[in-house]
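Hi there,

Here is the structure I promised to pass on. Could you have a look at it alongside my notes below?

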Amino acid sequence: MSSLRVALVGATGNLGPSILQALLAASLETTVLTRVGSAHKVSVPPGSEKFLKVQEVDYSSHESLVSALEPISVVVSTLGFENLFTIQKKLIDASLEANVTRFIPSEFGNDSANPLVRKLPLYADKIKTQDYLQEKAAQNPEFSYTFAYNNSFLDWQLQIGFMVNLKDHSATLYDGGDVPFSATRLATIGQAIVGMVRNLEATKNKNIYFHDIAITQNQLIDISKRIDGKEWSTTVVSTAEVEQKSYNMLKSSDPSEVANSALGFIARACWGAGHGGDFSDKISNKLLGIPEMSTEDLENLIRETMA
């Protein structure tokens with residue numbers, strides 16, 4: 001394990017910093033890949049500098065990527081949706097030439113292994129990446145992948161008011177608000193990545209599911225009411241109708257409408273019947289060393305978010 005080095009791609013987004021912090025806290029040698037000339041700065045936790053290297057790369061240059069990845073064993077991508085397959089394909093091709101043994105692509109969300117989720121256009125690049133990784137792993141026995149699924153980002157989505165709006169005491173209740181769904185804090189995702197790196201054989205070429213807790217929107221609202229006693233304004237919507245609306249938004253000439261369609265597809269994947277948003281029966285928390293979240297811890301998180 002001491003000779004294993006991890007490359008993190010996308011360390012300055014919403015999720016990347018939490019994964020970086022977890023890797024460094026676990027004393028794993030980590031290389032952060034950044035675009036040449038990028039204005040985004042990598043935040044380095046104090047005392048962890050000796051485990052971290054920041055490497056600028058030219059994503060249009062295969063040679064640049066191969067050179068950066070030659071000392072790497074595991075690549076973790078947290079890239080966003082834009083041009084996701086195009087960029088990840090370049091990373092995968094470079095990883096193969098650099099003899100990387102494990103590639104963990106940018107999943108970290110809804111269950112895109114679920115047939116209904118796979119049909120939603122938002123996830124097309126993720127599906128292409130999965131198919132490409134499976135093809136390359138079949139052709140190259142020393143190369144492998146892990147697909148990591150955590151469904152909702154619990155703390156971040158509570159902060160932005162997506163699953164429920166704690167600050168305004170309002171919510172759009174998808175399919176009634178009583179649909180259980182998995183939710184995971186950003187820091188927990190970082191811990192899960194460390195668990196995967198430390199269990200490469202057990203996670204080889206597998207879908208790995210994990211979460212902090214399975215909860216419903218109405219349960220989140222009930223906890224909020226217990227904390228401050230305030231009433232809520234709620235609207236019930238059908239995720240099937242939300243999905244259709246998102247398809248219509250994709251046809252719009254307004255770029256903001258097209259961009260906002262993503263939220264509808266995410267809601268359908270999270271709360272829609274048959275879309276697999278509750279991971280309770282298939283989580284690998286024990287393997288990854290992640291305890292499930294207690295009700296008390298959830299209440300504390302909600303209290304902090306409401307403050």
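This is a predicted model: local features need pLDDT of at least 70, side-chain atom pairs count only at pLDDT 80 or more; totals for chains, interfaces and linings use all residues.

Residues are numbered from 1 along each chain as its sequence is written, and side-chain values use heavy atoms, with hydrogens and water left out.

The structure has nine aromatic pairs (rings of Phe, Tyr and Trp, the last by its six-membered ring, with centres within 6.5 Å; planes under 30 degrees apart are stacked, over 60 edge-to-face, the rest tilted). One of them is stacked: tyrosine 149 and tyrosine 209, because their ring centres are 4.9 Å apart and the planes are at 20 degrees. This pair links distant parts of the chain, with tyrosine 149 in strand 6 (residues 144-149) and tyrosine 209 in strand 10 (residues 206-209), 60 residues apart (strands are DSSP runs of E, at least two residues, and helices runs of H or I, at least four, numbered from the N terminus). Tyrosine 149 is buried at 0% relative accessibility, and tyrosine 209 is buried at 8% (buried is under 20% relative accessible area, exposed over 50%, partly exposed in between, with a 1.4 Å probe and protein chains only).

Tyrosine 247 and phenylalanine 265 are edge-to-face, because their centres lie 5.1 Å apart with planes at 80 degrees. Tyrosine 247 is partly exposed at 26%, whereas phenylalanine 265 is buried at 1%.

There is also one aromatic cluster formed by Phe162, Tyr174, Phe181 and Trp271.

Best wishes
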